[in-house]
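Please consider the model below together with its sequence. The paragraphs that follow are meant to be read alongside both.

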Amino acid sequence: MSAGGTVCLMYHEIQLPGRKLCDSDPGYAKYAVSITSFREQMQFLKDSGTPGINISQLLSSPGNGVALTFDDGCETDLITATPLLKELGFSATFYITVGFLGNRGFMSKQQVRGLVQSGMEIGCHSLSHPYLTDLDEAGLRREIADAKKQLEDISGISIHHYSCPGGRWDERVVDIARQAGYESIATSEIGLNTSKTNRYSLARIAVTEEVTLTQFRRLCSGSGLWSKGLKSGGLKIAKRMMGNSAYNRVRSVLLKDS
Ligand SMILES: [Zn+2]
């Protein structure tokens with residue numbers, strides 16, 4: 001859509017009236033976009049002739065559409081997002097946390113197969129959702145390679161794409177993901193994806209519940225990323241200087257108005 005590259009959006013659970021979120025923590029809830037906003041955002045893409053595409057499509061023809069991704073494997077992936085995406089002729093990649101399957105609010109194993117049958121793309125989002133940068137090599141293999149194998153057994157298809165819990169990644173993550181046979185890694189680095197972008201560190205933009213339609217329009221055109229990127233640059237410095245838990249506490253404060 002943007003001349004500078006393809007925007008990849010990152011969604012989480014969709015918030016439905018009268019339905020409890022998977023997690024009531026404010027840090028989680030801020031990433032749960034309401035069904036009303038989600039519908040408006042998808043309709044805007046449709047009306048502006050911008051198809052919602054999955055990660056495989058982004059990699060094969062960058063520049064054509066806006067990539068849609070969903071992290072964690074919530075049940076609303078299947079019961080809410082998928083019907084709407086199908087109605088509009090869109091696709092998306094749903095990254096699943098394998099160890100969450102069957103928990104309240106998350107998909108069951110059977111629902112994962114339903115998602116595949118509906119024509120949507122699935123990817124892996126680890127086994128137990130740790131920050132990968134905190135793990136040793138055995139831990140990384142479990143959360144990246146073993147998780148892939150388990151998701152393949154559950155879904156009956158091969159899994160090519162990975163997204164990092166909490167956006168944390170380093171070169172060890174890339175090495176192990178490559179060895180395991182993944183073809184891409186999605187991060188939370190803010191930016192546009194071009195044909196020159198390393199497919200093992202795809203940029204994504206989180207859509208949070210307070211994003212207005214005007215802001216959404218700007219994000220999809222690739223503008224407004226400068227200030228978001230600036231903020232995320234500040235966060236990266238904070239992350240280097242503090243441990244993950246201290247970083248988490250300041251992160252919610254810093255991101256309050258992003
Ligand atoms: Zn996640």
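This is a predicted model: local features need pLDDT of at least 70, side-chain atom pairs count only at pLDDT 80 or more; totals for chains, interfaces and linings use all residues.

Residues are numbered from 1 along each chain as its sequence is written, and side-chain values use heavy atoms, with hydrogens and water left out.

The protein chain has 10 helices and 10 strands; helices (H or I, at least four residues) and strands (E, at least two) are DSSP runs, numbered from the N terminus. Of its 258 residues, 52% count as buried, where buried means under 20% relative accessible area, exposed over 50%, and partly exposed in between (1.4 Å probe, protein chains only). Among contacts in the protein chain with a separation of 6 or more, 68% are between residues 24 or more positions apart, a contact being heavy atoms within 4.5 Å.

The zinc ion has as its protein donors Asp72 (OD), His125 (NE2) and His129 (NE2), which lie 2.1 Å from it. Donors are N, O and S atoms within 2.8 Å of the metal (3.2 Å for Na, K and Ca); water is not among the atoms, so sites may look incomplete. Along the chain, the spacing of the zinc donors is D-x52-H-x3-H.

Histidine 129, at 26% relative accessibility, counts as partly exposed. Their backbones also deserve attention. Aspartate 72 has a positive phi of about 100 degrees although it is not a glycine, and histidine 129, likewise not a glycine, has a positive phi of about 65 degrees. Most residues other than glycine have a negative phi.

Strand 7 also holds isoleucine 122. With a relative accessible area of 3%, isoleucine 122 is buried. Its C-alpha atom is separated by 8.2 Å from that of alanine 92, 30 residues away along the chain. Leaving aside neighbours within four places in sequence, isoleucine 122 is in contact with residues including Phe94, Val112, Leu115, Leu151 and Ile159.

The helix pairs come next. Helix 4 (residues 76-88) and helix 5 (residues 109-117) pack at an angle of about 20 degrees, with their axes 10 Å apart. Axes are lines fitted to C-alpha atoms, for helices over the stretch in contact, and angles run from 0 to 180 degrees between N-to-C directions. Helix 4 and helix 5 are therefore roughly parallel to each other; angles under 35 degrees count as roughly parallel, over 145 as roughly antiparallel, 65 to 115 as roughly perpendicular and the rest as oblique. Helix 4 passes helix 5 in a left-handed crossing, meaning that the near helix is turned anticlockwise from the far one by less than a right angle, whereas clockwise gives a right-handed crossing. Asp77, Leu78, Ile79 and Thr82 of helix 4 make the contact with Gln111, Gly114 and Leu115 of helix 5. These residues divide into three nonpolar, three polar and one charged, where Ala, Val, Leu, Ile, Met, Phe, Trp, Tyr, Cys and Pro count as nonpolar, Asp, Glu, Lys and Arg as charged, and the others, Gly among them, as polar.

Helix 6 and helix 7 (residues 171-180) have axes that come within 10 Å and cross at roughly 40 degrees. That angle makes helix 6 oblique to helix 7, and their crossing is right-handed. Contributors to the contact include Leu140, Ile144 and Lys148 of helix 6 and Arg172, Val173 and Ile176 of helix 7. By class, this contact has seven nonpolar, one polar and four charged residues.

Helix 2 (residues 35-47) and helix 8 (residues 213-220) form the remaining pair to be described, their axes coming within 10 Å and crossing at roughly 45 degrees. Helix 2 and helix 8 are therefore oblique to each other, with a right-handed crossing. Here Glu40, Gln41, Met42, Phe44 and Leu45 in helix 2 meet Leu213, Phe216, Arg217 and Cys220 in helix 8. The contact of helix 2 with helix 8 comprises six nonpolar, one polar and two charged residues.
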